[in-house]
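I opened the model to look up a few local features and wrote down what I found. The entries follow in the order I made them.

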Amino acid sequence: MHEFPAAARILEIALEKAQENGADRATEIHLVMGDRCGYLFESLKLCFEAAAMGTACEKTELTVERIPAQLQCDRCGTRFVKKPFSFDCPKEGCGGSGIPTDTGREFYVKYIELSNDGSK
Ligand SMILES: [Zn+2]
């Protein structure tokens, strides 16, 4: 699973954050993932759980906000959300096809919720 390095990096960020703030653990890590970021959330979650075993992130919940991939028409410039298996411009009579844009390639940690309840 190629999500493992990404999951390990997220874990690193969360553990650093927890340490910086003197927290016992992280309760939630909220990610932003574009449809074209190249990672599957479910795999990422499994990798994260495996990597976080025995750390302050062992029971951390991973949540995600997905960004649909957007295309831009090569004829009329319309930006539109990509439909499965189609790159066609939705504008009637245009007939152009969409070129991938950077919208949908997002992949970052938006926020981390920390807890200091002494249950370590
Ligand atoms: Zn068009």
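**Entry 1: T60.** I started with T60, which counts as buried at 9% relative accessibility; buried means under 20% relative accessible area, exposed over 50%, and partly exposed in between, with a 1.4 Å probe and protein chains only. The model is predicted, so I noted that local features need pLDDT of at least 70 and side-chain atom pairs pLDDT 80 or more, while totals for chains, interfaces and linings use all residues. Residues are numbered from 1 along each chain as its sequence is written, and side-chain values use heavy atoms, with hydrogens and water left out.

I placed T60 in the loop between α2 (41-52) and β2 (61-67). Helices (H or I, at least four residues) and strands (E, at least two) are DSSP runs, numbered from the N terminus. I then looked up the polar contacts of the T60 side chain (pairs of N or O atoms within 3.5 Å; within protein, one must be able to donate a hydrogen and the other to accept it, and residues adjacent in sequence count only if both atoms are side-chain atoms). A polar atom of this side chain lies 2.6 Å from the backbone oxygen of A26, and the side chain reaches the backbone oxygen of C57 at 3.1 Å.

**Entry 2: the zinc ion.** Which residues are the protein donors of the zinc ion? I found C73, C76, C89 and C94, each through SG, at 2.2 to 2.3 Å. Donors are N, O and S atoms within 2.8 Å of the metal (3.2 Å for Na, K and Ca); water is not among the atoms, so sites may look incomplete. Their spacing in sequence is C-x2-C-x12-C-x4-C. C76, in the loop between β3 and β4, and C94, in the loop between β4 and β5, are 18 residues apart. I logged C76 as partly exposed at 32% and C94 as buried at 14%.

**Entry 3: the strands.** β3 pairs with β4 in the antiparallel sense over 3 bridges; two strands pair if DSSP finds at least two bridges between them. Q70 has V81 as its bridge partner in β4. β3 also runs antiparallel to β5, joined by 3 bridges, and there the partner of C73 is G98.
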